[in-house]
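Hi,

Here is the structure I promised to pass on. Have a look at it first, and then read my notes below.

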Amino acid sequence: MIGRIGLCRVISRNLSSTESRIAQKLTVQPAIERSPTELLNALSETVGPDTTAPHFAYIDDPITIPSTQTAKKTYFMAKEFGKRAARELATEWPTLFAFDRDQPRLPAFRPQHLADPLQVDPTEKSLLSIMESREVQDACILYERMRSENVDVSEEVQLELFRLVAYYNSSNVPFAEWDSWAGMRNFGENDHSVWNSGGVPDLLFETLPKTDETVSIMISGLCKFSGHSSMERARELYKEHRAAKGKIHREAFNGLIGSSSFSVAKKLIQEMAAQKISPDVFTFNSLLTAATKAPKFEDRMKAYTEVIGEMKAIGVEPALSSYYIIIKNLVDYKILENEKRDNEEQNAAFKRQLTVAVSWLDEILNRISTSNLTPVTSSCNLFFAEAMCVLYRASNEKLAAKLLSIYESKSNEVKMPSFTIESIFYNRYLQLVIEQTTSLNKIYDLYTSMVPRLVGVNNSLSSLIYRKFSVSSDSHWPLLRRVIIDGITAGQIINGVLGEEMRKKLSDVQLHTLGTSEREQYTSLVQKLVAVWIEFSQFTEEKMRRLQRKLSPSQISECALLLTRIGEQQKAYELLELLLDENACSGEEATVHPKGHARPWAMAELFEDALRQKDTFGAATCLQIMSLTANRTKLEPLANRIFEKCNVNPEQRRIIEGFVRLRPQ
């Protein structure tokens, strides 16, 4: 004990002397000023994205990692609705959380009820509070209540209310402008309604003085929620105000220009110039929208060229939304919708317009590749998706790769929503590369880096990869296994065409080319597929019958062949016996389709396998199934091969010969 105490004292004394020497030399360096996100950016640059992992929104639980776009939407919205439900509970019963001592106190975890317009005091302060929270319909209710109770509302407050209700057409804020809930913002369906005549905006417009600002607000609202009657009224208001020597604001001009023909829009631009109102990007976007209404392709091209030239002349940089309007309308919709284009004239027009669109895109990409891209309007992100769609139709992989590099570059701040438009963008690029390449290794690398993180598993993509396997002389087991597993998770296994492709591609696999671990993967995959198909066929109960997928004779023969490939002959012949069981294809408990026939190539290979195994029962079962589609002439050589290869006793020989003799010629 004394030795230990002495040793501790010596160590502590040495440490104290060392620390004192270090303390004398230590100098505090000045703090480096950093932005709030600088550390996160440094980590992001160091780590980078994991292309083999799912999207970070689904990383919490492997069970809830979706593969398809529909599943992504369902899972993401389920998480968001759970948060909203929790906040609703906290709002309704705040006393349950009264003893929480969290610091800092976050308002998100202490939600409050919105003010009830029928219960709050009818004052300007209450009205301004509701307007600040952008509860448009509640603001309208409170304003009408104040009018009915003869409460005075100042002109300034009425003007602010007029701006709000005219911009939203007396409706609540659309889903596209929701800040807190990304799911509703991206997946919610916005109602593009027409102008609500006779509502609070009309009442306020009649109450307020007819100034340049109020008239401009009214015209902008009428143009935003345009209909035939609202546009007529907007033009009348413009003419009346102009006759009274008033000047409307640029936003009102933008609305009128976008709702007019190109010839009328150019006159409005001239009137803007006469009033010394300088156009902005939104003005030129409205002018491009007016140009899209030209019926002829040549007229649209000429109009687009004029607008872009004018923007360059006055120094207005086109936004990505400007390019989006052009690219979207370069090809006629009628020609796009007619996929076959049997008419040679239509086909020639489509190719010509597509060539022009690619030429425009080449110039646009060269222009924006050296620029820092920032969002200017809400539709800027749509440019990337529309451009990729054009390049996909033109089969231009080079420009598509350039577009992808621009989108993913650090100089681009314009991003598409992850689970909607961005998925379409990457899906188009992935399919384009797969169509253009013959390398299965390249397809595998690209597929595993994008699916399902960026691109959801879909039928067209899987079919395309299966077609690539069909035309390729090479084999690639990891790619085939990955596509089939993704197909299982995406529910493609119950799709008749894709399910057949899975079985056919597995049948084409040469087992001797696989390694030991790959053979184990092959065996496990076949067992899983067959088990799932059989399970779906056995949903015969009334409450499960809507999910049932009966086995077809071709499906049974292919599954039996796959089972023999992995050495499970007993299960294979149990499956084949369903084709000979009349009860299996009739009645409410039926699990087999009564129509259809077994695959001849599958039955031929099963027959040969039974002969190699000298399995008389298996060979006879195959012969009986083949007799359903073959006559006596084709069956006799098969019966002779059974007699040669298998150990057939006299009684078995007599039964087989009698069976063949009873078949029709």
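Predicted model: local features only at pLDDT ≥ 70, side-chain atom pairs only at ≥ 80, totals over all residues.

Contact here means heavy atoms within 4.5 Å. On that basis, and not counting residues up to four places away in sequence, L127 touches A139, L142, Y143, M146, V153, V157 and L161.

Residues are numbered from 1 along each chain as its sequence is written, and side-chain values use heavy atoms, with hydrogens and water left out.

Now the cores. A nonpolar core is a set of buried Ala, Val, Leu, Ile, Met, Phe, Trp, Tyr and Cys residues joined through side-chain atoms within 4.5 Å; buried means under 20% relative accessible area, with exposed over 50% and partly exposed in between (1.4 Å probe, protein chains only). The largest one has 170 residues, and L127, I219, F383, F384 and L506 have the most contacts inside it. Its top contributor is helix α17 (residues 344-368), with 9 residues. Helices are DSSP runs of H or I, at least four residues, and strands are runs of E, at least two, numbered from the N terminus. There is also a second, separate core of 8 residues, including Y58, W181, M184 and F419.

Next, the rings. Phe, Tyr and Trp (its six-membered ring) pair if their centres lie within 6.5 Å; planes under 30 degrees apart are stacked, over 60 edge-to-face, and the rest tilted. The whole structure has 15 aromatic pairs. Y238 and F253 are edge-to-face because their planes are at 70°, with centres 5.8 Å apart. That pair links distant parts of the chain, 15 residues apart: Y238 is in helix α10 (residues 228-243) and F253 in helix α11 (residues 250-258). Both are buried.

Y407 and Y426 are edge-to-face too, at 6.3 Å centre to centre and 70° between the planes. Y407 is buried at 1% relative accessible area, and Y426 at 4%.

Finally, charges over rings (NZ of Lys or CZ of Arg within 6 Å of the ring centre and within 35 degrees of the ring normal). R503 lies over the face of W533, 4.9 Å from the ring centre, and the charged end of R663 sits over F659, 4.5 Å from the centre of its ring.

Cheers
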